[in-house]
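Biologist: Could you put the model up, and then walk me through it while I ask questions?

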Amino acid sequence: MSSGNGNYRVLGTRPRRHDGAEKVTGSAIYANDVQLPGLLTGFVLRSPHPHARIRSIDTSEAEATEGVFAVISGKDFPEVADKVADLGEGSVNLSYLSGNVMAKGKVLYKGHAVAAVAAVNIHVAEEAASKIKIDYEVLPSVTWVLDAMADDAPLLHENLFTDHMGEKDEKPSNTAVHMHFEKGNIEEGFAAADVIVEREFKTATVHQGYIEPHVSVADWTTSGRLKIWTATQGAFTARQQTAEVLQIPISDVVVTPCEIGGGFGGKIAVYLEPVTALLSKKSGRPVRISMTRAGVFEGTGPTPGSFMRVKIGATSDGKLVAGEAWLAYDAGAYPGGMIGPGCMCVFSCYDIEHAVVDGYDVCMNKPHTQAYRAPGATQVAFACEQVVDEIAEQLGICKLEIRQLNAAKEGMRRVDGPVYPRIGLVECLDAVAQSDHWKSPLEGENRGRGIAAGFWFGCGLKSSVSASVNHDGTVNLTEGSPDIGGTRTSIAMQLAEVLGIDTFDVIPQVVDTDSVGYTDVTGGSRVTFATGLAAYEAGLDLQRQMAGRAADLWECSADDISVVEGEFKGPDKSASFKELAQELFKDGEPLVARASVAPDCSTNGFAVHIADVEVDPETGKVTILRYTAIQDAGKAIHPSYVEGQMQGGAVQGIGWALNEEYFFNDNDTMDNASFLDYRMPTMLDVPMIDTIIVEVANPDHPYGVRGVGEPPIVPPPAAIANAISEATTTRFFELPMSPPKVWKGLSETS
Amino acid sequence: MPIVFIPAQLKSLTGGVSQVEMEADNVRQVIEQLDQQFPGIRDRLCDGDELARTLQVSVDSSMGARGLRTKVGDAREVHFLPVIGGG
């Protein structure tokens, strides 16, 4: 496939987004805006205990409450086989998925759904839910990863045996998976090192913090079709999961993805969809459930907390020669999926000849963890990037130069095996060196500057689009990728570029699962890459069709028609796309094209961030003075959206670094399930995030596109930790680096 | 001829052998040949007649979801990796 960052008409411009006016005027339809005749309101009753056996549930009094139409609990859900299903991006054990939607037998975390009510309004639903009598046998619980790995830890699943790549232990355990990767000879590597740094790190469980809580509306119609409107990153995976949990044919379900107020990986798994569906079936009415913020924190998937030990050796000239990592990630109540990428990312930014990585996925009494942008990568960057910094300090080498010296580049083999194709980390580091931020001195007491690098794979997966040409020469573009970050426009721009028309001559629409070919989730930094590729292919198909029709119209051979920058040229005639579309509409078949793609590749995104901080030694408060995010976007289709992703990821990473964490009290329940107490950054907490887009074309995309959504959350905690170390000469090995922890750390040092 | 990299956790089945060079059209053939050489390795890589749902195959720099049907042909390298989700 060709690649390049050539001169484009449309790509690289900054048109306003197609959905902008609707969103700023409030007319965009979110799941909470959907209205149906007879719509009921649902409420989910959640467990007050982190770990308990359900002896009995009595819903009779709730069902007898006036205004209540249906009450359900675990017994209303079908038994689901203990099998792993492929959900496109990742896989899931269906019995775990079903058990997380509604507890059966045991509750595994505070907030675990145990019953649900549909009623005329939320007040009646809540009142009825309060009348549900549940007899719990409270069990011992565990919420720290190392405690959960202990032999005497309370077991969450009696039938869970540690899996060592297909071989299982004989004794049940909370450790679901052990992974092991190695490269070279680790003993030789450390023997060759002149300096070795080994540190232990902890990171807290954090939530994606999307502004829109989960919402689902379901209407199980009398015809037997289940219609769902929901806030989801993937309508097709929501359809599949719902069908699997309810054990009904996938063709009986249609999911409409409404506008979505953020997801970041947290709106891929279903929570409410099967619940609203069953309530609708039982009541004979459509049902909506909107989560509260506490429900979001306690009942949906945050991203893993972790314990990590990282050891790196280097020669006296700064060459990294050996790396060893031991990683244990919090899976929450059911086995998770973040430890794999954690293992694969820990040394992914550096060319280290000898390396060993062990990773453990550990269940405990917390909500089942989910992705959060680059899942598993931020944690390991916090560890690895601090160790690299310490090596530079011990060797007296510039912290940028040690990264440039060891940076991953084309041809380097990662610890998990694959060799990188053309990537852009070196160019990102060069951009750091040339940046105004890096060149500007940072002066003042208690101030420091840190840098850190980060990587995320990016993926292709499956995408489908169709394009139909209107007789005014505009094109309706139908796609299956929910638009979270402006992808309607970034995909439309790629079609417009192929066709030689303007961005707003393409009218993109995200449609339901009945109306477009299968499309995987909006996640994995894949949509502008893969769905954009589908739009590109559909554009080429339209061009081919139109060139053939132009030959008929102009009475020449199809071979005589060429298309140059969207202009159709015959031996003695030429026409723009719009002119030809209008002419062809007069007779002959309508012009329709479709494309489905499943590119087998990673897009390999790298980011490097620079953070300047000031630390108040009296309070431990860390103020971000200046922040620059540098990232290889391959080709920035819409630079404003790329910058927005970089800024958004950086701000989320700043929150992860400095304040955010699930506080678990002595009873292993969360104490801060609200935005008042779960401290996300606001505009007052962060400066303008400066951005530098690097463009090293991805060889696997015709326009060179790489994924951009995930890499920017990887470096911030590490960059800020490195900056704090510069400012205070104290290193912090635990996230968040919140004022009490920083103050305590500084007090101990002094 | 592609080199198949044996996952570190399966080297106990290969007597420590970490790479095997073989001719194969697709991943199914790769695994069949591996299992002939190292009995039991198929059960660690497959669920029934499919690649284990927790695994994906990397052929050279590509990582796809075609499982056992993934073409190998004249590729240089084949790796078995964990599936990766994304946010």
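Biologist: Thanks. What domains is chain A divided into?

Modeller: Chain A is divided into domain 1 (20-28 + 460-597), domain 2 (36-139 + 222-262 + 267-290) and domain 3 (306-458 + 602-749), with bounds that come from an automatic or database domain assignment. Bear in mind that this is a predicted model, in which local features need pLDDT of at least 70 and side-chain atom pairs count only at pLDDT 80 or more, while totals for chains, interfaces and linings use all residues. Residues are numbered from 1 along each chain as its sequence is written, and chains are lettered from A and ligands numbered from 1 in the order in which they are written.

Biologist: What separates the centres of domain 1 and domain 2 of chain A?

Modeller: Taken over C-alpha atoms, the separation of those two centres is 39 Å. The contact between them takes 17 residues from domain 1 of chain A and 17 residues from domain 2 of chain A, where two residues are in contact if their C-beta atoms, placed from the backbone, lie within 7 Å.

Biologist: And chain B, how many residues does the contact take from each chain?

Modeller: That contact takes 41 residues from chain A and 27 residues from chain B. On the side of chain A that touches chain B, the elements giving two or more residues are β4 (84-86), β11 (175-183) and α10 (339-345) of chain A, and β11(A) gives the most, with four residues. Helices (H or I, at least four residues) and strands (E, at least two) are DSSP runs, numbered from the N terminus.

Biologist: Changing topic, what is the strand order in the open sheet of four strands?

Modeller: The order is β20-β28-β29-β30 (chain A), with mixed pairing, two strands being paired if DSSP finds at least two bridges between them. β20 (447-456) and β30 (689-694) of chain A are at the edges and each has a single partner strand, so one side of each is left without a neighbour in the sheet. From one strand to the next, the twist averages 15°, with axes being lines fitted to C-alpha atoms, for helices over the stretch in contact, and angles running from 0 to 180 degrees between N-to-C directions.

Biologist: In which sense do β20(A) and β28 pair?

Modeller: β20(A) pairs with β28 (residues 605-615) of chain A in the antiparallel sense, over ten bridges, and Phe455(A) has Phe606(A) in β28(A) as its bridge partner.

Biologist: Which helix lies across those strands?

Modeller: Helix α13 (residues 425-434) of chain A lies across β20, β28, β29 (622-632) and β30 of chain A, and runs at about 30° to β28(A).

Biologist: Now α3 of chain A, how many of its residues are buried?

Modeller: Six of the eight residues of helix α3 (residues 94-101) of chain A are buried, among them Tyr96(A), Leu97(A) and Val101(A). A residue is buried if 20 or more other C-beta atoms lie within 10 Å of its own, exposed if 12 or fewer, and partly exposed in between, with C-beta atoms placed from the backbone. The cover over the buried residues of α3(A) includes β5 (91-93), β7 (113-119), α7 (235-246) and α8 (273-283) of chain A.

Biologist: Which residues make up the covered face of β27?

Modeller: In strand β27 (residues 592-597) of chain A, the covered face has Ala593(A), Ala595(A) and Val597(A), and the uncovered one has Val592(A), Arg594(A) and Ser596(A). Strand β21 (residues 463-469) of chain A pairs with β27(A) in the antiparallel sense over six bridges, and Ser464(A) stands opposite Ser596(A).
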